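Morning, everyone. Let me put the model on the screen, and then we'll go through it.

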Amino acid sequence: MKRILTASLLACALLAGVPSLALAQATAAAGTAPAAGTPSAMVLTNTTRILSTLESRRAEFSKNRAALSQFVTTEFNQLFDRDYAARLVLGTHGRGAADADVANFADALTSSLMQRYGSALLDFNTRLQVRIKSETPLRGGAIVKVSSEFLRQGGEPVPVDYLLRKSGNQWKVFDVMVEGVSFVQTFRNQFDTPLSQKSIAQVAADIKAGKLQAQASGNQ
């Protein structure tokens, strides 16, 4: 059960930032709607749209996984800073790497993630109550951390935090932490050994071929 929840949280978090239509209701009811243009507002707006679409098209997506894959990939590419996150995942292996190699690695990682976890969105409970706890500027405001938590009936709250940076004029997510576990750090650890043995291009090719897979945790 925990594994399914984690996969669902990861899929939703990687798409937009926070996971429930209830967020809009709860935030508005509390009278604390985030100011327009802020990272929290971006998270709120996009999540509401994404989860509304998932709810209204659930039957269609259940029958047509290609349509689900296209929807997930489009939203992910729009809202997630893929290349910046890829450089963070590459860590020291990405120093001096060409932008084309980083983009290729980002494509491979994205494809693997969406294939592995995209379908988890169909099992996600859009009726969960969620609240934004805080928005914290970091590095002089260049990065913002949005902290939230999922309120599950009969279960402990699940903390989900997001790191965002400006890409052009848009705030984009580049890291997600579910229960304190970082998306970037998890995959950096996972791919460290392969990247020590092969080039970035070779590791990307192995991911695309299914020889390597992005896993949210070691027991998934």
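What volume does the largest cavity have? About 60 Å³. This is a predicted model, where local features need pLDDT of at least 70, side-chain atom pairs count only at pLDDT 80 or more, and totals for chains, interfaces and linings use all residues. Residues are numbered from 1 along each chain as its sequence is written, and side-chain values use heavy atoms, with hydrogens and water left out.

Back to the cavity. A cavity is a set of points on a 1 Å grid over the protein atoms alone where a 1.4 Å probe fits but cannot get out, and lining residues have an atom within 4 Å of a point. The structure holds one cavity of 30 Å³ or more. Its lining includes Phe-76, Phe-80, Arg-82, Thr-110 and Phe-183. Helices α6 (82-90) and α7 (99-117) each supply at least two lining residues. The largest share, four residues, comes from α7. Helices here are DSSP runs (H or I, at least four residues), numbered from the N terminus.

Next, a helix pair. α8 (residues 183-197) and α9 (residues 200-208) pack at about 125°, axes 8 Å apart. Axes are lines fitted to C-alpha atoms over the stretch in contact, and angles run from 0 to 180 degrees between N-to-C directions.

Who touches whom? Phe-191, Pro-194 and Leu-195 in α8 meet Ile-200, Val-203 and Ile-207 in α9, contact meaning heavy atoms within 4.5 Å.

Technical notes: 1 Å grid on protein atoms, 1.4 Å probe; cavity = no way out; pocket = protein on both sides within 12 Å on 5 of 7 lines; lining within 4 Å. Points joined across faces, edges and corners; volume = space filled by probe spheres on them.
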